[in-house]
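Reader: I have a new structure open and would like to learn how to read it. Could you walk me through some of its features?

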Amino acid sequence: MIVTVEFFGIPRERTKLSKVIVEGARLDEVFRELEEQFPDLAQACLQDGRLREGFAANLNGERFVSDPATEMQLGDSLLIMTADAGG
Amino acid sequence: MGGKFGYHGQWLRVDCSSGRGESIPLDEDALRRFLGGSGLGAYLLLELGAATVEPLSPEAPLAFVFSPLVGSPLTTSAKFAVVCKSPLTDRINDSLASSQFALAGKRTGHDAIVLVGRAAEPSILVIDEDQARLESARDLMGKSCPETQRLVREQLGPNYAVAAIGPAGENLVRYATISHDGRHAGRGGSGAVLASKNIKAIAVRGRKTCRWAFPEELNRLSKNLSKKSLGPATAKYRELGTVSNLLLFNRMRMLPTRNFQQAEFEQAEALSPQRIGEQRAKTQKSCAACTIGCEHLFSLKDGEPAETRLEYENLFALGPLCGVGDPQMVLAASQRCDELGLDVVSAGGTIAFAMECASRGLLDAPWLRFGDGQAMLKALELIARREGVGEFLAEGSRIAAGKIDGDSIAFAPQVKGLEIPGYEPRSMQAMALGFAVGTRGADHNRSGAYEVDFSEEVDRRDAGPEAAASAVETEDRAAVMDSMILCKFLRGALDDYWAETAEMLRLVVGWDMTVEELRRTARRIVSAKKLFNIRAGWTPDEDTLPDRFLDSPLPGDGAVLTRDRLGEMIRAYNLHRGWSAEGRLDEEALR
């Protein structure tokens, strides 16, 4: 499944990208794909198909997701961000 | 007298009418029940009967409160609270600031310094350990906050730490700040309270230190905490600063835009930290005793040093909230707020409100248009001087609404009179609850309920009573951090918040405080502030949001927060706190 991944905060800083297109049918597959493509991102934010503590993923700007088995739908946008929204 | 370790066991009462100080004992029971900072300040103000006095009257106390951790090796501990009855809200106000003033203030040998009375003429209050005196501030009137601080230190000597007001405070702007070294006790107008005592600046110094109960263990814990403070939990603050919130909030339609008429801003990319930093010098600073270094400063003009601090709150309030997308204007306005001594959130919120009134033809100020950065700068000057429209904008959006058009209160962006920070309530409905019930008004520091919105725990666009328990938890944690005092940016570095903060208290003060006792202390502190408000005249209908945020869908998003659902959330919050469903409590809550 083609998924648009958007980066915010530290994930954007590590990838130097605002967004990227990846393939993955489930959340953990998308994360593993990102780990492979972006080693700096992996070191800071990802491990074994999951987000490290302190980071969050949101689907389509609507709901936050963490279950590795979350299914991706065509056209989904996955937002990856620093979990702390303190200002 | 309490205070064997961590505390001096006394506070200094200074009568500004005479300039004389009197040291008054603090018993250990009070210190253990309220800790320091925000909590101890609330306790002192309750004891002094501050709830029923006029905020700008000579009788109104203004408390600078330190904490057991100030002066310790714990990172981010150089902080102080300024606690008073707010002239903006008529309710309790506790604001925090940082750095050398906390350290020097505590070295006077006191756990708090409380000002009462009114000096006969504009004065500098000088506190040299337990000796207080007044010196003339005639030559400082009209000077900016940083300039005042510099001149006072030139006059008195560099081993004084100085907190000062700017022209906005002098003119009793209801959201004037007290500033120290570029940091501000910002919200709620404590600067106006200091000005009402005819005090332009307060200078403190001393050499009295506290002992720690277990110094070697404390040093080891401090080293470990400092190491954790440099880890992934604080990376956002260290590397990007809070300004990194802006693009995320824009994407998720949480970014208050044009006085909360929209929740995304078409020019947001121009205000990203990367874009702002592209053409400007930038640097980073940290407060005294802080290893995180969250302050990101930018230069205002090419070739000039980077001296303008930019945080998410001033970026949103002087940017999208006023429809301004020019980073140069936002930086210039931020710097002017710092110089004039104006709270950026209330300044931006009140100006944005005025812009909407002007656009609706309710306010005869056609120059005050959304998106016009020069108009925003002009408005700041008028507010600080109380000239033209500034005369009533200096009162804040709630009072200004009453003077402009009675119906405009529906879109005055405030709760209890305190302007709403940069979190759109309709798309962050747990935060909406936090805003509605907050004792000092709409506040993202005393309530961290946005954490709940950023989780799978609630549907942030359709939240209900299930958000109450977590909203209480974030408030309790904040109450302890604001009383200990530690910077909230450190909280992610704590693996077990309650156990680790109890351990810090054990090593500093020697108390064997269980987690359960610390949780009760948190609740007691929040209850103390609520009790203050009840004595000041609070009624349940204050715990709400303006009409704009209720029952109508958020434009461009569709999220709706109904009045009924907010009411259910508030009732659930009150009951979870052990108060009545309406939010009432009595002195029993302070035991």
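Reader: Which residues does A:P11 touch, not counting residues up to four places away in sequence?

Author: Keep in mind that this is a predicted model. Leaving out residues up to four places away in sequence, A:P11 touches A:L41, A:C45, A:F55, A:I80, A:M81 and A:T82. A:P11 itself belongs to helix 1 (residues 10-15) of chain A.

Reader: Is A:P11 buried or exposed?

Author: The cut-off for buried is under 20% relative accessible area. A:P11 has a relative accessible area of 0%, so A:P11 is buried.

Reader: Let me try a loop residue. Where is the place of A:T70?

Author: A:T70 sits in the loop between strand 6 (63-65) and strand 7 (77-82) of chain A. With a relative accessible area of 10%, A:T70 is buried. Setting aside neighbours within four places in sequence, A:T70 is in contact with A:A25, A:R26, A:L27, A:L59, A:R63 and A:V65.

Reader: Now for the rings. How many aromatic pairs does the structure hold over all chains?

Author: Over all chains there are 17 aromatic pairs. To describe a pair of aromatic rings, give the distance of the centres and the angle of the planes. Take A:F7 and A:F38: their centres are 6.0 Å apart and their planes make 80°, an edge-to-face pair.

Reader: Which parts does the pair of A:F7 and A:F38 tie together?

Author: A:F7 lies in strand 1 (residues 2-7) of chain A, and A:F38 in the loop between helix 2 (27-37) and helix 3 (39-45) of chain A, so the pair ties together parts that are 31 residues apart in sequence. A:F7 is buried, at 0% relative accessible area, and A:F38 counts as buried at 13% relative accessibility.

Reader: What are the distance and angle for B:F353 and B:F411?

Author: The ring centres of B:F353 and B:F411 are 5.5 Å apart and the planes are at 45°, so this pair is tilted. The pair links distant parts of the chain, 58 residues apart: B:F353 is in helix 13 (residues 344-359) of chain B, while B:F411 is in the loop between helix 16 (397-404) and strand 16 (414-415) of chain B. Both B:F353 and B:F411 are buried.

Reader: Which residues form one aromatic cluster?

Author: One cluster consists of A:F64, B:F249, B:Y312, B:F316, B:Y423, B:Y450 and B:F454. The charged end of B:R506 sits over the ring of B:F214, at 5.0 Å from its centre. For B:K530, the charged end sits over the ring of B:W538, at 4.1 Å from the centre.

Reader: What is the area buried between chain B and chain A?

Author: About 2200 Å² is buried between chain B and chain A, and carbon and sulfur atoms give 53% of that area. Chain B brings 27 residues to the contact and chain A brings 23 residues. B:R251, B:F454 and B:E456 supply 26% of the area that chain B buries against chain A, more than any other three residues.

Reader: How should I read a sheet? What is the order of the 6 strands in the open sheet of chain B?

Author: The order is 2-1-6-3-4-5 in chain B, and the pairing is mixed. Strand 2 (20-25) and strand 5 (92-98) of chain B are the edge strands, each pairing on one side only. From one strand to the next, the twist averages 20°. Helix 2 (residues 37-47) of chain B packs on this sheet, and its direction makes about 30° with that of strand 4 of chain B.

Reader: And what about the open sheet of 3 strands: what is its order in chain B?

Author: Here the order is 13-14-15 in chain B, with antiparallel pairing. The edge strands are strand 13 (282-285) and strand 15 (306-309) of chain B. The twist averages 45° from one strand to the next. Strand 13 of chain B is joined to strand 14 (residues 295-299) of chain B by 4 bridges, and B:K285 stands opposite B:E295 in strand 14 of chain B. Helix 12 (residues 327-340) of chain B packs on the sheet, touching strand 14 and strand 15 of chain B.

Conventions
Residues are numbered from 1 along each chain as its sequence is written. Chains are lettered from A and ligands numbered from 1 in the order in which they are written. This is a predicted model: local features need pLDDT of at least 70, side-chain atom pairs count only at pLDDT 80 or more; totals for chains, interfaces and linings use all residues. Side-chain values use heavy atoms; hydrogens and water are left out. Two strands pair if DSSP finds at least two bridges between them. Helices (H or I, at least four residues) and strands (E, at least two) are DSSP runs, numbered from the N terminus. Axes are lines fitted to C-alpha atoms, for helices over the stretch in contact, and angles run from 0 to 180 degrees between N-to-C directions. Contact means heavy atoms within 4.5 Å. Rings of Phe, Tyr and Trp (its six-membered ring) pair if their centres lie within 6.5 Å; planes under 30 degrees apart count as stacked, over 60 as edge-to-face and the rest as tilted. Buried means under 20% relative accessible area, exposed over 50%, partly exposed in between (1.4 Å probe, protein chains only). A charge sits over a ring if NZ of Lys or CZ of Arg is within 6 Å of the ring centre and within 35 degrees of the ring normal. Buried area is the accessible area (1.4 Å probe) that two parts lose on being put together, summed over both.
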